[in-house]
Number of protein chains: 2
Amino acid sequence: MLVTEDTKISIERLREDLKQLAEIGRGEDGGLYRMAFTAADMEGKAWLEQKMKDAGLETCRDGACNVIGKLAGKVADAPSLVIGSHIDTVPCAGILDGTLGVLSGLECLRALKEAGRVPEMPVELIAFSDEEGRFGGMFGSQAFAGQVTPDTVHNAVDPGGLKLADTMQELGLDPWDALQARRDPASIAAYLELHIEQGPVLSQMQEQVGVVEAITGLFKWTVKFHGEPNHAGTTPMPMRRDAFMGVADFAHELPRILDENGSETSRATIGRVELAPGSPNTVPGEARFSLDVRDTDETVMNELAAAIRKALAAVARRRRLSFSYDAESWIHPVDCDAALVDIVEDAARSAGMRYRRMESGAAHDAQIMATVCPVAMIFVPSKDGKSHSPAEWTAWDDIEAGAQVMLGAIERYAFAGA
Amino acid sequence: MLVTEDTKISIERLREDLKQLAEIGRGEDGGLYRMAFTAADMEGKAWLEQKMKDAGLETCRDGACNVIGKLAGKVADAPSLVIGSHIDTVPCAGILDGTLGVLSGLECLRALKEAGRVPEMPVELIAFSDEEGRFGGMFGSQAFAGQVTPDTVHNAVDPGGLKLADTMQELGLDPWDALQARRDPASIAAYLELHIEQGPVLSQMQEQVGVVEAITGLFKWTVKFHGEPNHAGTTPMPMRRDAFMGVADFAHELPRILDENGSETSRATIGRVELAPGSPNTVPGEARFSLDVRDTDETVMNELAAAIRKALAAVARRRRLSFSYDAESWIHPVDCDAALVDIVEDAARSAGMRYRRMESGAAHDAQIMATVCPVAMIFVPSKDGKSHSPAEWTAWDDIEAGAQVMLGAIERYAFAGA
């Protein structure tokens, strides 16, 4: 591997870019409101495109309104190294999630351009549309990877009931163009994404950079226990069919289920519980709860699902309840490309960064891109593990470290020849 | 005990009364909507008062709008045996709760009057206002027992925010008159109430009548666990401070707490659970739940409360949570009067009824009346334990049995001399 590492990113410029983009869509509560396909989102895209142009990149937007800036390579028609993330936000967001990946990528390409360095292959920086899933999926990367169908274009709605198609049309966009956003996989060499961790691991371990080896898969169920609503005073304990006690018993089994069937990367979360009738003096006749289970290994996911079904059945039998569940989603885990992960690790190690190999517990555009090309990710620490909140933050030193590792990875991959 | 048992109640007349009153306040869904101090409630009271007059009783309404019908006794100024219950309902109620106690009492007095039988002491039949607590308490019996203060009159509101005082005024009633509804305890010899069980015990045990020995006390807490809201994917299990897992652990301890500290009559119910932020992919940072705990023995209630505090503290420590609770109410248990219970039991036994001694797990006007006089209660079975629902029902045979036991108890108590 031929490496030249004389190029440095400028944390001052990156900081200034973050500051400028943080002004677009800012709410009165200090949070960012740059939800996909809102006026603020479009203003952010325009700002970004201008920044790309200023950096000397060739820019374009594809049919899904993904914004792309290209640094040409020596071999013009070689497949590209694609880097990026997204600049759309959840409501009341912080300023880093997604945006940091796009703007640190911009700084990398700007630094390379400024240094007059020309990669072997083209490097394309992309800001994918609607990563946060306002319209239900990762619209931009899915379109790019050829996963969007006319059904998506026609039926996708946001939580307020607005249609994606109508929303795009009002912005002067043709929603059907999204079906043309698919890129020939032969034109993509690899995808690299920098992102905040959104978890507490790097911060608690005092690392600067996470070298992501895998992105966890997940399944989401809505589970219901049915019992019988009864008077809390007049119904003796042994005569009850208390749906909530079923949930409690099951939740209590979760640590055992993870211990017996899970791995280090397993997670299980009950985030929402609804009881009916929900009155303090009535034994709950029905309990509905969400179950979010993750692991980086699909075999483990299957074993967890089987163990959970057994536990639900056993609890229901013991408590004289019935149960049912809706399997709402099953997202496959993704292994990052081993060679690409080694490149990222080498970039971190030779720059003297404190880093660790880890998995991503959250979903990212990289997960979609993995269906068409090798992918890897770089994490930077999230203060207190917080994200999707104005409290989201990463120390400037760590941001600098992450961006520099991204630049090192680009140098190792795109300058070494395909 | 001198007993003459030649008088019989008429189930046909009682059935006809129940049918007529069930037409007042009936909703389109088949449920009754005769909530206290609504037009339907007032129409029900007027209907009842006319029925009392038709039966030859002297009627009046006191300042709390309790409707009273009096069967005079041989000793005119002797303290009265008071019998009764209430005819107000919860929204979407069945036709028996409360009403059965009033109308079976009416049938008892009508049968006695018809038979020309004059008791030693007066027997007063009363329909207490707002037993169901639209305005927060058992307004009618509390006023009768002298527990209503100007504060109640001025500040009581219903769940819709309507003030008791305004509501009464709109009906042409003076709310301040409620302060004059207090009856001198010296004028009350005892209180007897017939009510549906509202639980499954008599029905499952195939008994016709319950002889109530005690009314359970209860305490209601709202408990909060505070943890930390975190991303369900990125937060490793050992780094979580999951408020819901605190609730699950605590709920799982409840059976042990009841086994170790409770009695046969102990009940503990978690009827409502609210998680924040309540999103499927966020570890709950806060969990709030209702806790309703009952027993017939106040010492046991205190021991349960102490054990619950210990369990909450232990769970919080183990899960790295903090907890707090609001003790919203503490209602003392009430022992029924032993002599009065014996009288009810004797009436049931000598009429050849299948009966059992039991406790009441629900609150009743009798609980308030116990602060001023000896009380006892007669239960009839609730089909499937259901109440506060149009599905509430009791077989006619059992209604007849209960009313006949009430008549037997009146004969034993009011005809035997004070």
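Reply: The discussion below takes a helix and then an interface. Please note that the model is predicted.

Me: How many residues does helix H3 of chain B have, and what is its reach?

Reply: As a general idea, an α-helix has 3.6 residues a turn, so residues three or four places apart point the same way. In this case, H3 of chain B covers residues 99–114, which makes 16 residues. From first C-alpha to last, H3(B) reaches 22 Å, close to the 22 Å expected at 1.5 Å a residue. Just after H3(B), B:Gly116 adopts a positive phi of about 70°.

Me: What area do chain A and chain B bury between them?

Reply: The two chains bury about 4,200 Å², and 60% of that lies on carbon and sulfur atoms. In terms of residues, 54 of chain A are in contact with 54 of chain B.

Me: Which polar links cross the interface of chain A and chain B?

Reply: The rule finds 2 salt bridges across it. One of them joins A:Lys386 to B:Glu228, whose closest N and O atoms are 3.8 Å apart. Between the chains, 11 residue pairs are in polar contact.

Me: Which element gives the most to the side of chain A that touches chain B?

Reply: Helix H8(A) does, with 9 residues. By class, that side of chain A has 22 nonpolar, 20 polar and 12 charged residues.

Key: Residues are numbered from 1 along each chain as its sequence is written. Chains are lettered from A and ligands numbered from 1 in the order in which they are written. This is a predicted model: local features need pLDDT of at least 70, side-chain atom pairs count only at pLDDT 80 or more; totals for chains, interfaces and linings use all residues. Side-chain values use heavy atoms; hydrogens and water are left out. Helices (H or I, at least four residues) and strands (E, at least two) are DSSP runs, numbered from the N terminus. The expected span of a helix is 1.5 Å times one less than its number of residues. Contact means heavy atoms within 4.5 Å. Buried area is the accessible area (1.4 Å probe) that two parts lose on being put together, summed over both. A salt bridge is a side-chain nitrogen of Lys or Arg within 4 Å of a carboxyl oxygen of Asp or Glu. A polar contact is a pair of N or O atoms within 3.5 Å; within protein, one must be able to donate a hydrogen and the other to accept it, and residues adjacent in sequence count only if both atoms are side-chain atoms. Ala, Val, Leu, Ile, Met, Phe, Trp, Tyr, Cys and Pro count as nonpolar, Asp, Glu, Lys and Arg as charged, and the others, Gly among them, as polar.
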